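Visitor: I am new to this structure. Please take me through one part of it closely, and then show me what lies around that part.

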Amino acid sequence: MADPNQKADIFELDNGTTRVLVTNYGCTITSLSVPDKDGKLADVVLGFDSLEPYLNGAAPYFGCIVGRVANRIKDGKFTLNGVEYSLPLNKPPNSLHGMDFSYLSL
């Protein structure tokens, strides 16, 4: 959700054989139902049945495809508009993947 005013929602994609439920909140896959050997659909994704646990941070990376950062930030620092920001080093000496930048006043 690039627009903070946009409502988080779950969307269903179904081709008649496979069904996926995906959010516009980090492109999180909440359900992926695929056929077993007898053709019966089974959900193979570990996740929640509603958006609330994701939005409340109960398990922020379940099914997540897109984080805030999809790689590493070297030395846990970056500069934006001439201001240098330091991040927690969760994979020293770098900050790796989807760190929470909510504490920054960008």
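Guide: Start with the salt bridge. This is a predicted model, and the structure holds 1 salt bridge. Which side chains meet in it? They belong to arginine 19 and glutamate 12. The N to O distance is 4.0 Å.

Look at how open the two partners are. Arginine 19 has a relative accessible area of 26%. Glutamate 12 comes to 47%. Both values lie between 20% and 50%, so each residue counts as partly exposed.

Arginine 19 belongs to β2, residues 19-23. The sheet is open and is formed by 4 strands. Their order is β1-β2-β3-β4, and the pairing is antiparallel.

β2 pairs with β3, which covers residues 29-35. The two run in the antiparallel sense, and their pairing extends over 4 bridges. Pick out leucine 21: its bridge partner in β3 is serine 31.

Next, turn to the aromatic rings. How many aromatic pairs does a search of the whole structure find? The search finds 2.

Take phenylalanine 48 and tyrosine 54. Their ring centres are 5.3 Å apart. Their planes stand at 80 degrees, and an angle over 60 counts as edge-to-face, so that is the name for this pair. Are its members buried or partly exposed? Phenylalanine 48 is partly exposed, with a relative accessible area of 25%. Tyrosine 54 is buried, at 3% relative accessibility.

The rings of phenylalanine 78 and tyrosine 85 also pair. Here the centres lie 5.2 Å apart. The planes are at 20 degrees, and an angle under 30 counts as stacked, so this pair is stacked. Phenylalanine 78 is partly exposed, at 22% relative accessibility. Tyrosine 85 has a relative accessible area of 14%, which means that tyrosine 85 is buried.

Finally, return to the salt bridge. Then follow the strand order from β1 through β2 and β3 to β4.

Definitions and conventions: Residues are numbered from 1 along each chain as its sequence is written. This is a predicted model: local features need pLDDT of at least 70, side-chain atom pairs count only at pLDDT 80 or more; totals for chains, interfaces and linings use all residues. Side-chain values use heavy atoms; hydrogens and water are left out. Rings of Phe, Tyr and Trp (its six-membered ring) pair if their centres lie within 6.5 Å; planes under 30 degrees apart count as stacked, over 60 as edge-to-face and the rest as tilted. Buried means under 20% relative accessible area, exposed over 50%, partly exposed in between (1.4 Å probe, protein chains only). Two strands pair if DSSP finds at least two bridges between them.
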